[in-house]
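Here is a walk through one model, from a single side chain out to the sheet and the rings. Have the viewer open as you read.

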Amino acid sequence: MSKEKIIYYIGGSPCAGKSTVAEILSQKYGLYYFKVDDFLDGYMQAGARKERSICRKAAGRNAEQTWMREPLFQCREEFDIYREIFEFVTEDLKQIDRKGSIVTEGAAYIPELMKQSGIPGSRYISITPTEEFQITHYRKREFVPLVLEGCSDKETAFRNWMDRDILFAQEVQRQCRKEKYVSVINDGTMKIDELAGLVAAHFGLK
């Protein structure tokens, strides 16, 4: 990797504004934007091929089997998946052939993995939503019915999904406190440009 290259990491949980913030920073500061979710299915397939146990189990489930489980089990599994695929994410980041800096975002950047990788606090921040903000915005997203297609009780499945992500956000916040990383909670009162400005200031972007 070029010595000129600096990577800024935005972690957190789904539906918090991470991708929009990363897009704004990319455009405003000329950063290369790497979105983990664009490659997540491929990472999980790679994990399954390498016999990573959690990836292999997750790959074999249908929507009913995925979303009708206890949210706490779902949340724990989500963290385990990110642990299993983290090496694939970091390897792809190393392979980006571009001078200059990178902004990357995804729930995969959990604080404990950032700390283990030696990422300093000045290069990592997490954004998580409040429960109300998360659920309100998820209900507006067109892909949600597609994800839940095949579930016998779609409302229960949706609630389980939301509860999983609420638990995920709480654990990310806990890990940030433990690892001394900055954690921002988005309740919707801050405009997205202001949130992006806060993140840019944390990263020292000018």
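Asn160 counts as buried because its relative accessibility is 11%; buried here means under 20% relative accessible area, exposed means over 50%, and partly exposed is in between, with a 1.4 Å probe and protein chains only. Asn160 sits in helix α9, where helices (H or I, at least four residues) and strands (E, at least two) are DSSP runs numbered from the N terminus. Leaving aside residues up to four places away in sequence, Asn160 touches Trp67, Met68, Arg69, Pro71 and Gln74; contact means heavy atoms within 4.5 Å.

A word on provenance: this is a predicted model, in which local features need pLDDT of at least 70 and side-chain atom pairs count only at pLDDT 80 or more, while totals for chains, interfaces and linings use all residues. Residues are numbered from 1 along each chain as its sequence is written, and side-chain values use heavy atoms, with hydrogens and water left out.

Asp153 belongs to the loop between α8 (144–147) and α9. With 34% relative accessibility, Asp153 counts as partly exposed.

In what order do the five strands of the open sheet run? The order is β2-β3-β1-β4-β5, with parallel pairing; two strands pair if DSSP finds at least two bridges between them. The edges are taken by β2 (32–35) and β5 (182–186), each with a single partner strand, so one side of each has no neighbour in the sheet. Direction ignored, neighbouring strands are turned by 20 degrees against each other on average. Axes are lines fitted to C-alpha atoms, for helices over the stretch in contact, and angles run from 0 to 180 degrees between N-to-C directions. Helix α10 packs on this sheet and touches β1, β4 and β5; its direction makes about 155 degrees with that of β4.

Now for β1. Four bridges join β1 to β3 (residues 102–105), running parallel, and Ile7 stands opposite Ile102 in β3. Another parallel pairing, also with four bridges, joins β1 to β4 (residues 124–129), where Tyr9 stands opposite Tyr124. Six of the six residues of β1 are buried, so the strand is largely enclosed by the rest of the structure. Both faces are covered: Ile7, Tyr9 and Gly11 are buried on one side, and Tyr8, Ile10 and Gly12 are buried on the other.

## Rings and charges

How many aromatic pairs does the structure hold? There are 11, counting rings of Phe, Tyr and Trp (its six-membered ring) with centres within 6.5 Å; planes under 30 degrees apart are stacked, over 60 edge-to-face, and the rest tilted. One of them joins Tyr8 and Phe203: the centres are 4.9 Å apart and the planes lie at 40 degrees, so the pair is tilted. This pair links distant parts of the chain, with Tyr8 in strand β1 (residues 7–12) and Phe203 in helix α10 (residues 192–203), 195 residues apart. Both partners are buried, Tyr8 at 6% relative accessibility and Phe203 at 3%.

Next come Tyr82 and Phe168, whose ring centres are 6.0 Å apart with planes at 80 degrees, so that pair is edge-to-face. Tyr82 is in helix α5 (residues 71–95) and Phe168 in helix α9 (residues 154–179), 86 residues apart; both residues are buried. Elsewhere, Phe34, Phe39, Tyr43 and Phe88 form one aromatic cluster. As for charges over rings, Lys115 lies over the face of Tyr181, at 5.0 Å from the ring centre, and Arg141 lies over the face of Tyr138, at 5.6 Å. The rule asks for NZ of Lys or CZ of Arg within 6 Å of the ring centre and within 35 degrees of the ring normal.

## Cysteines

A disulfide is a pair of cysteine sulfur atoms within 2.5 Å, and the count by this rule is zero. Cys55 is in no disulfide, and the nearest cysteine sulfur, that of Cys75, is 16 Å away. Cys55 is buried at 0% relative accessibility. For Cys75, the closest cysteine sulfur is in Cys176, and at 14 Å that is too far for a bond. Cys75 is buried as well, at 5% relative accessibility.
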